[in-house]
Each structure stands twice: as structure tokens, then as C-alpha cells.
Amino acid sequence: MYKLVRGSNSVFQLWTEWVFGLAGGPAVEALDRCWGARWRTGSEGMFYSRRRRVINDIRRRVEDGTARDERQVIDQLEQVRGPHSLDWLCKNL
């Protein structure tokens, strides 16, 4: 079973894990395509849902034209996060 990275405090690292995978691990999107929600057991489901808010916000901002690309949104979200944790950002979007 795969577990999302817990110690990350970076929006960029979250995006990388979600879209490309980290350290040879699978991308979260690939897990979703292959396994649906079955790979998310126990508390992983709640953790996933919170992190997905950030991913959805990145995509929404690019789609609605408030940012030119994902990197610009990631930079904007890092500024919003400021000194707070990634968990804080997930809960306050």
C-alpha cells in the first residue's frame, strides 16, 4: 500500500507527488486511475482528501485563467501558506 508523504511542507512537492510520483514511487493520479479509492485505507482517505483540495485549486486557477500555468499557482499558494504548514493550507483553502 502506498502512503502519501507526511513530512512535506511544500506545495511543489505535493504537486510532484500527485502528478509524477516521488523517489520512484507512483503518481497519486496513476494510483487513482488503476485502483480508484481502494488504495486509500484508514486515515489515508482523509489525508488524501485534504491534499486533493490543493491539487484541485491549482488546476482550477489554470483553467479559469487566473494563472498562466501550474508553476505560477504553486508560487501563489506558497505565498498564501507563508510560515504555515501545508496541512494548514489544505484546511484553509
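This is a predicted model: local features need pLDDT of at least 70, side-chain atom pairs count only at pLDDT 80 or more; totals for chains, interfaces and linings use all residues.
Helices here are DSSP runs (H or I) of at least four residues, numbered from the N terminus.

Next I listed the contact, meaning heavy atoms within 4.5 Å. H1 brings Val11, Phe12 and Trp15; H4 brings Glu70, Arg71, Ile74, Leu77 and Glu78. I sorted these into 5 nonpolar, no polar and 3 charged.

I noted two conventions. Residues are numbered from 1 along each chain. Local features need pLDDT of at least 70, side-chain atom pairs 80 or more, and side-chain values use heavy atoms, without hydrogens and water.

Then the core. The largest nonpolar core has 21 residues (buried, under 20% relative accessible area with a 1.4 Å probe; joined through side-chain atoms within 4.5 Å). Leu4, Val11, Val54 and Ile58 have the most contacts inside it. H1, H2, H3, H4 and H5 each supply at least two residues. The largest share, 5 residues, comes from H3.

Last, I followed Leu4. Beyond four places in sequence, its contacts include Trp18, Trp39 and Tyr48. Those three and Tyr2 form one aromatic cluster. Trp39 and Tyr48 pair edge-to-face, at 5.8 Å centre to centre and 85° between the planes (pairing needs ring centres within 6.5 Å; edge-to-face means over 60 degrees). Both Trp39 and Tyr48 are buried.

Technical notes
Buried means under 20% relative accessible area, exposed over 50%, partly exposed in between (1.4 Å probe, protein chains only). Ala, Val, Leu, Ile, Met, Phe, Trp, Tyr, Cys and Pro count as nonpolar, Asp, Glu, Lys and Arg as charged, and the others, Gly among them, as polar. Rings of Phe, Tyr and Trp (its six-membered ring) pair if their centres lie within 6.5 Å; planes under 30 degrees apart count as stacked, over 60 as edge-to-face and the rest as tilted.
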